[in-house]
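This briefing goes through one protein model with its ligand, topic by topic.

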Amino acid sequence: MPKIIRLATGLIVDPVTRRALIVRKHSSPIFMQAGGKIEAGEAAFAALQRELTEEIGLNITSDNATPLGQFTAPTANETGHQVLAEVFYIEHSEPVTAQSEIAEILWVDPASLPDIAIAPLSRYQLMPIAARRLGLK
Ligand SMILES: Nc1nc2c([nH]c(=O)n2[C@@H]2O[C@H](COP(=O)(O)OP(=O)(O)OP(=O)(O)O)[C@@H](O)[C@H]2O)c(=O)[nH]1
């Protein structure tokens, strides 16, 4: 049976520069959405608030995060497993800073991704949404 990992992730975009944010953790060579696992009994939005503060020092409220719904994709790091992600769209035009578990932050053109390893959820599902919403496609 494939394992399902429940995540809360942010599709964070800068509407001024028309770029989308992806991050890489020290533990992985693959770029992906900021966010992480939803803990038992935790609401998806609360999980995302906790993860974004921990990872990039970004504090979100329900006023600046719009739910996009649930998305599934193969996991980035473990073969044969799936992520089930609750995704929130967040417009943010201020600098963000990588906190302890994050090795790198990248603002990318979602319509023309750089030649780097990017998790399936980001590459095939969320970057196309960002590109459309930013008027790039
Ligand atoms: N955060 C995040 N994780 C993703 C994405 N796509 C994807 O396959 N994953 C996978 O989902 C899992 C999430 O783990 P995580 O390490 O981000 O979660 P976490 O912060 O709660 O980790 P922890 O268990 O070390 O506390 C990893 O296996 C990761 O590779 C994505 O876009 N964002």
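Which residue in E5 does Arg 6 stand opposite? Arg 6 stands opposite Leu 84 in E5. The model is a predicted one. The UniProt annotation "domain: Nudix hydrolase", from an unreviewed entry, covers residues 3-131. Over residues 3-131 the chain is 19% helix and 37% strand, and the end C-alpha atoms lie 30 Å apart.

- Strand E1 (4-14) pairs with E5 in the parallel sense, over 10 bridges.
- E1 also runs antiparallel to E3, to which 3 bridges join it; here Thr 9 stands opposite Gly 35 in E3.
- The pairing of E1 with E2 is antiparallel and has 2 bridges, and Asp 14 has Arg 19 in E2 as its bridge partner.
- E2 (residues 19-25) is joined to strand E6 (residues 102-108) by 6 bridges, and the two run antiparallel.
- Within E6, Ile 105 is the bridge partner of Val 23.
- Strand E2 is mostly covered, as 5 of its 7 residues are buried.

**The hairpin and Arg 18**

- The hairpin of E1 and E2 has 4 residues between the strands.
- Arg 18 is placed in the loop between E1 and E2.
- Although Arg 18 is not a glycine, it has a positive phi of about 60°.
- Arg 18 counts as partly exposed because 17 other C-beta atoms lie within 10 Å, a count between the limits of 12 for exposed and 20 for buried.

**The nonpolar core**

- The largest nonpolar core has 30 residues, of which Leu 11, Ala 20, Ile 22, Val 23 and Met 32 touch the most other members.
- E1, E2, H1, strand E5 (82-91) and H2 each supply at least two residues of this core.
- E1 gives the largest share of the core, with 5 residues.
- In soluble globular proteins, nonpolar side chains tend to be buried together.
- Ile 22, one of the core members named above, is in contact with Phe 31, Met 32, Gln 33, Leu 106, Val 108, Ile 118 and Ser 122, leaving aside its neighbours within four places in sequence.

**Leu 48 in helix H1**

- Leu 48 is found in helix H1, which spans residues 44-56.
- Is Leu 48 buried or exposed? Leu 48 is buried, because 28 other C-beta atoms lie within 10 Å and the cut-off for a buried residue is 20 or more.
- Not counting residues up to four places away in sequence, Leu 48 touches Ala 8, Gly 10, Gly 35, Ile 60 and Phe 88.
- One of these contacts of Leu 48, Gly 35, is the residue in E3 that Thr 9 stands opposite.
- Leu 48 and Lys 37 are 11 residues apart along the chain, and their C-alpha atoms are separated by 8.7 Å.

**The ligand shell**

- There are 16 residues around the ligand, and Met 32, Gln 33, Gly 36, Lys 37 and Ala 76 come nearest.
- Strand E1 (4-14), strand E3 (35-37) and helix H2 (120-133) are the elements that give two or more residues to this shell.
- By type, the residues of the shell divide into 7 nonpolar, 7 polar and 2 charged.
- Met 32 and Gln 33, which are among the residues that come nearest to the ligand, are also in contact with Ile 22.

Key. Residues numbered from 1 in each chain as written. Predicted model: local features only at pLDDT ≥ 70, side-chain atom pairs only at ≥ 80, totals over all residues. Near = placed C-beta within 6 Å. Nonpolar A, V, L, I, M, F, W, Y, C, P; charged D, E, K, R; others polar. Pairing = 2+ DSSP bridges. UniProt positions renumbered as here; feature names shortened; annotations may be inferred. Contact = placed C-beta atoms within 7 Å. Core = buried A, V, L, I, M, F, W, Y, C linked by C-beta atoms within 7 Å.
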